[in-house]
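Please study the sequence and the structure shown here before reading on.

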Amino acid sequence: MLIGEMMDRHGLDMKSVIDHGLEDELACRARECMGCANYETCVGRLRSCERPTYRDICPNAKFIDGLRPQI
């Protein structure tokens with residue numbers, strides 16, 4: 001799941017997301033990720049960088065960024 005890998009690379013722990021009761025939201029975001037028009041671009045970035053950028057291509061960027069204050 002790309003969103004999980006991207007979150008991990010940016011220091012966001014999946015277990016913490018679940019512990020905060022956001023598992024349904026995460027599942028919804030994962031489905032959106034799999035159907036994203038930028039999927040291949042994201043894969044390429046994940047393969048090339050330790051902390052790849054995502055805000056310019058990711059439909060889940062606001063979700064990922066919103067997790068920072070919560071987790």
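Leaving aside residues up to four places away in sequence, Pro59 touches Arg29, Glu32 and Cys36, where contact means heavy atoms within 4.5 Å. Pro59 is located in the loop between α4 and α5; helices here are DSSP runs (H or I, at least four residues), numbered from the N terminus. With a relative accessibility of 37%, Pro59 counts as partly exposed. Between the C-alpha atoms of Pro59 and Glu40, which are 19 residues apart along the chain, the separation is 14 Å.

The model is predicted, so local features need pLDDT of at least 70 and side-chain atom pairs count only at pLDDT 80 or more, while totals for chains, interfaces and linings use all residues. Residues are numbered from 1 along each chain as its sequence is written, and side-chain values use heavy atoms, with hydrogens and water left out.

How many salt bridges does a search of the whole structure find? The search finds six, a salt bridge being a side-chain nitrogen of Lys or Arg within 4 Å of a carboxyl oxygen of Asp or Glu.

Glu5 and Arg9 are four residues apart in helix α1, so about one helical turn separates them. In general, an α-helix has 3.6 residues a turn, so residues three or four places apart point the same way. Glu5 is partly exposed at 33% relative accessible area, and Arg9 is partly exposed at 21%. Helix α1 covers residues 2–9, and its buried residues include Leu2, Ile3 and Gly4. Just after α1, Gly11 has a positive phi of about 80 degrees.

Asp65 is partly exposed, at 26% relative accessible area, whereas Arg55 is exposed, at 54%. Elsewhere, salt bridges that share partners connect Glu25, Arg29 and Glu32 in one network.

Methods: Buried < 20%, exposed > 50% of the residue type's maximum accessible area, 1.4 Å probe, protein only. Helix = DSSP H or I, 4+ residues; strand = E, 2+ residues; numbered from the N terminus.
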